[in-house]
Amino acid sequence: MTAESNITWKANFPDSFLWAEWEDEEASVFFHRGSGETLLLNPLGAYLLKTICSEDISEEKLAQRTVRYFDLPVDEELLSAISVSLHTFEQKGLLLSSASQ
Amino acid sequence: MKERCLLTDTLFDPAAAGHYSAAEWDLLLRQARAANLLAQLGVRLAQHPAQTEIPHSVAQHLRSARLIVKRQNRAIRWEVSLLQQALYDLAVPIVVLKGAAYVLAGLPNSDGRLFHDIDILVPRSALKEVEARLRRWGWRSTHNNAYDQRYYRRWMHELPPLQHIQRQTVLDVHHSILPLTARLHPDPGKLIANAVADPANEDIYWLAPEDMLLHSMTHLFHDGELENGLRDLVDMEILLNHFGTGKAFWARLTERAELLELGRPLYYGLRYVERVLQRAIPAETAETASAWGPGWLLGRLMDFLFLEALQPAHTSCNTLSTSIARWMLYVRSHYLRMPLRLLIPHLVHKAVVKEGNGEIEIPKGLRKIIADADKG
Amino acid sequence: MKPLDLKPGEIARLLRSNGLRLQIGPFAVSLRSRLRRVAEQIAFFYGDYPRIEADAFVDFHIQINNPAGLRHWVRPQAIFSFDGFKPFKPLPEDQAFAMFEWGLNWCIATTSHQFLITHAAVVAKNGQAIIFPGEPGAGKSTLCAALVSRGWQLLSDEMALIDPGDLSITPVPRPIGLKNESIAIMKNYGDETLVGPPVTDTIKGTVAHMRPPADSIVHADRDTRPGYIIFPTYSAAADSQLDKVEKTRALVRIAEQSFNYHILGREGFRTVERLVSRCPAFDLRYSQLDSAIAEIDALL
């Protein structure tokens, strides 16, 4: 795996994370009360944010769980999609990262 | 014609609102909005619910104003978390000042207070690194012309304001609480050494209670932005009520004023909190502070100017002398900040650049005089 | 409440002196202006609105006058003031009435957080309201003006005032803003005498306003339940067609079009969530007003 194993992700104000979802629709809507941001998320993005919201987690462990959850083969494309999503969320101030050697 | 200032009357005695007519509510809300105290008025009235039945439309405006404050305060806590993340590796103390500090410290004045910028104080030795780090995290200078950059860097107590490129938040990074050129020289090192650590955020601090008040007073009485003067005075009153429950606080307040050389602002602060908002000051403290007061003649002049200028910035409270008082105090604050040889060119530059921007409004009465003088 | 029922001369006099006091939807407005152009257009557009007592509480104290300074003698300008606060730069004086409309929008959107306020036109029929969120260039105002010309009730042209509690919509009927080609279209399609004089060279191009039907003003005190959300898109030569929009997408699009959604925070988010749960949402592509209206009629 090439996920950055020494980064730990945590939710910035987890009590600010709100969700709207409907059974017959695949996407989720996410609202962050701190930033005021509303995002339409695909299932991968929603899974990542929800997982991190429930506990701080290393990127490596998060990638392993994601692979299992969606029952997908591990490949570069998926790992880089995860990494890009996480950094986008960080840029928006929704997640905080810290190096944990 | 000057009407009576309903706002200060109501802040002092919220129960009086119980028998206000629709026209009085109308005037009260207009004054409160102009003074940036609408949400604060809502807080006060809510604390005395039994006596006051608030008309429906009035209640909607008060509730709306409080919702904005609530939203602002949530956003501020979030913004500070990002600031902390940006500066984390530097491991320097970040002392949050003014509005944002009231929010983080959960002080009672934060429920009803709107503000624009986040102000922080950092050790001067860390300033370069802090600025570079903030740049990397998306903060950019808003004052890009060479004059402003030079002015701030040579003479001021802060960097030119920074704005975040995505979030648009404005951040003022201070290394002192008064300009380098000012008459008073409170040592920022003493403020930082005495600061209170935020239990929830590493590296984040706010000023100790006494210093917080002294800073607020210094800002109001040596800064000259009097449009929000009444709001700032209300801050002081609430903080004095909140902290001033025991004798120890009042003793520390005068001790710190002495140590930081901020006796004069303390004198003014206590005097006008008492005169305008009718908040009694313990006799011992008032006596100590009176030694820092101005002479008789200057004192009379300052009373005239401040009692005018601390009215709500609404037409019902403002006469020509209010505008003149604000203008004179604005000039005075610059005079206090820098030697005269710097002041005159700066004021001229500001007047030329900012005219029409609404930043310094030359009062209408004065403008007439100036226009007439031009013709002559 | 009594209708205004004043002669234009009396309206002008009130505007010049203590202020003309009007009830506009849920808002009490006091307007002062020395400008003749403002007086004429206020008499034309607001002549049927209810008046309020001189000593009543007023939500918005507004003034439209010439700004101070010598510039006035070169090229007359008008400036908007909300009780002494001037949020906008002055505009050429011939835009003074449009400036009142824009300024009042600003007052409502920045102070009335008892509602979730969404940028949308709202019309109603048989007690059901349809919300038309206004993405840029969508032609919501044209469609709204057309529906109103065909007997629908106007609740609002610019902003849906949605109650976060029961999702009902409070009417705030005001003149409908028409831009560029829409002006000629509506003069042909509806009652030409209801359209005011066009003003050229505004930031929005040429604008004119259309007077709301008297019925809509009379019924402005009745809140209405929302039934549908329709995102209109004008598209030359398109056959009118309604396409279902997913709830998640509708939520995000309405959130984007709302002025105070972020101020309401959780309440704003949950309000839009409940709104899209209750009201089916559609994209409407249209080029012909009649066939677009037929599609909308068929929903009810």
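Trainee: How much area do domain 1 of chain C and domain 2 of chain C bury between them?

Mentor: The size of an interface is often given as the accessible area lost when the parts come together. In this predicted model, domain 1 (8-111) and domain 2 (116-299) of chain C bury about 2000 Å², 67% of it on carbon and sulfur atoms. Buried area is the accessible area (1.4 Å probe) lost by two parts on being put together, summed over both, and the domain bounds come from an automatic or database assignment. On the domain 1 side, Phe44(C), Phe45(C) and Trp102(C) lose the most area to domain 2, together 27% of what that side buries.

Trainee: Which residues form the salt bridge?

Mentor: Arg174(C) pairs with Glu101(C), their closest N and O atoms being 2.9 Å apart. A salt bridge needs a side-chain nitrogen of Lys or Arg within 4 Å of a carboxyl oxygen of Asp or Glu. The count between the two domains is one.

Trainee: And the second largest pocket: which residues lie nearest its centre?

Mentor: Rolling a probe the size of a water molecule over the atoms shows where empty space is left. Here 40 residues line the pocket, with Lys140(C), Ser141(C), Glu158(C), Gly177(C) and Lys179(C) nearest its centre. A pocket is an open set of points on a 1 Å grid over the protein atoms alone, where a 1.4 Å probe fits, with protein on both sides within 12 Å along at least five of seven lines; lining residues have an atom within 4 Å of a point.

Mentor: Residues are numbered from 1 along each chain as its sequence is written, and chains are lettered from A and ligands numbered from 1 in the order in which they are written. Local features need pLDDT of at least 70 and side-chain atom pairs 80 or more, while totals for chains, interfaces and linings use all residues, and side-chain values use heavy atoms, leaving out hydrogens and water.
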